[in-house]
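The following questions and answers are intended for a student who is learning to read a protein model. Please keep the structure in view while working through them.

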Amino acid sequence: MARSDWKRPAPAPLESGCKRVKLTVSYDGSAYNGWQCQSNGVGVQDVLNEKLSAIYGTRIMVHGSGRTDRGVHALAQVCHYDVREDACSIKDEKVALALNSLLPLTVRAIKSESADGSFHARFTTMAREYRYFVKAKNDALPFDYNYVGLYSRLPDIGLLNSYASVLAGTHDFTTFASSRDQSVSRMRDIYESYWSAVHDRFGNLLYCYTVTGNAFLYHQVRSMVGTMMGLALRGGSCEAFSALLEAKDRMLAGTTAPSSGLYLSRISYDEDEYRWFEEGGIR
């Protein structure tokens, strides 16, 4: 899909006398009702707005690269905010340090830096990377329940990777879109899609699904993981999985994987990183 077809609005120019600050944060999603401010629970955005407003002495509103659902974690969510240049004497690169002194331990500011008006945390994003971790229920430790997806066993990873390879490329992902998704188009570009065997800090085996794309539909990643895991546990063929994608029928998708295993792991703003995809290259 050509980038010109993404139909993203241009970032609004900075107001006179204001500056833009880019902030990278990590958070434990099990403690929040998702990223976004909501009336029915505390979102990570609420916490950041409150603490940044205290630092600057004026109302701050952060804008994220995208939403994460309740229970979904972030290793490196990116957001930005605009503030008057004379609002605070703290240098932009020192804001993360000041912020961490106020934030709960479930949210950490990794980096803060100056950005110009051409940057927008959401609209200038080139790629989003998610990781999903799964583990066999019988191997679960007390520390796993809010942080991995638990399944009866771990199926053949080669079979899972045969499914994952089907998802790479430009497709209509209607099969894996929630009924609540309001996107005009279900077409998305997937740059990377693969499973790997990893180990937790105690040496126990997990599978990690890594997927990178230009954007994702509501619940898309969790739906893809749940469908792949369910089909692999039944020994379903790669052709069967491909047929599910091509059917564009939400009713054919498997059970959506729990939010606990999903992590927003990286946001890319590098226009050249995945240019090979648009140019028809193969990786």
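A crossing of two helices is called right-handed if the near helix is turned clockwise from the far one by less than a right angle, and left-handed if it is turned anticlockwise. The model discussed here is a predicted one.

Q: What is the handedness of the crossing of helix 4 and helix 5?
A: The axes of helix 4 and helix 5, the latter covering residues 238-247, come within 10 Å. With the definition above, the crossing of helix 4 and helix 5 is classed as right-handed.

Q: How are helix 4 and helix 5 oriented to each other?
A: Their axes cross at roughly 150 degrees. Angles over 145 degrees count as roughly antiparallel. Helix 4 and helix 5 are therefore roughly antiparallel.

Q: Which residues of helix 5 meet helix 4?
A: On the side of helix 4, the residues involved are Thr-227, Met-228 and Leu-231. The residues of this contact divide into five nonpolar, one polar and no charged. The partners in helix 5 are Ala-240, Phe-241 and Leu-244.

Q: Why is helix 3 described as oblique to helix 4?
A: The axes of helix 3 (residues 157-167) and helix 4 (residues 220-233) come within 10 Å and cross at roughly 140 degrees. This angle makes the arrangement of helix 3 to helix 4 oblique.

Q: How is helix 3 oriented to helix 5?
A: The axes of helix 3 and helix 5 come within 9 Å and cross at roughly 30 degrees. Angles under 35 degrees count as roughly parallel. The orientation of helix 3 to helix 5 is therefore roughly parallel.

Q: Which residues of helix 5 meet helix 3?
A: From helix 3, the residues taking part are Ser-162, Tyr-163, Val-166 and Leu-167. By class, this contact has six nonpolar, two polar and no charged residues. The residues of helix 5 that they meet are Cys-238, Phe-241, Ser-242 and Leu-245.

Q: Which element gives the largest share of the largest nonpolar core?
A: The largest nonpolar core has 69 residues, of which Leu-48, Tyr-56, Trp-195, Tyr-209 and Met-228 touch the most other members. Leaving aside neighbours within four places in sequence, the contacts of Trp-195 include Leu-160, Ala-164, Val-225 and Met-228. The largest share of this core is seven residues, and they come from helix 4.

Q: Is Asp-144 buried or exposed?
A: Asp-144 is found in the loop between strand 5 (127-136) and strand 6 (149-151). Beyond its neighbours within four places in sequence, Asp-144 is in contact with Lys-135 and Asp-139. Its relative accessible area is 8%, and a value under 20% counts as buried, so Asp-144 is buried.

Q: Is Gln-182 buried or exposed?
A: Gln-182 lies in the loop between strand 7 (169-172) and strand 8 (187-199). Its relative accessible area is 75%, and a value over 50% counts as exposed, so Gln-182 is exposed.

Q: What distance separates the C-alpha atoms of Gln-182 and Leu-205?
A: Along the chain, Gln-182 and Leu-205 are 23 residues apart.

Conventions:
Residues are numbered from 1 along each chain as its sequence is written. This is a predicted model: local features need pLDDT of at least 70, side-chain atom pairs count only at pLDDT 80 or more; totals for chains, interfaces and linings use all residues. Side-chain values use heavy atoms; hydrogens and water are left out. Axes are lines fitted to C-alpha atoms, for helices over the stretch in contact, and angles run from 0 to 180 degrees between N-to-C directions. Helices (H or I, at least four residues) and strands (E, at least two) are DSSP runs, numbered from the N terminus. Angles under 35 degrees count as roughly parallel, over 145 as roughly antiparallel, 65 to 115 as roughly perpendicular and the rest as oblique. A nonpolar core is a set of buried Ala, Val, Leu, Ile, Met, Phe, Trp, Tyr and Cys residues joined through side-chain atoms within 4.5 Å. Buried means under 20% relative accessible area, exposed over 50%, partly exposed in between (1.4 Å probe, protein chains only). Contact means heavy atoms within 4.5 Å. Ala, Val, Leu, Ile, Met, Phe, Trp, Tyr, Cys and Pro count as nonpolar, Asp, Glu, Lys and Arg as charged, and the others, Gly among them, as polar.
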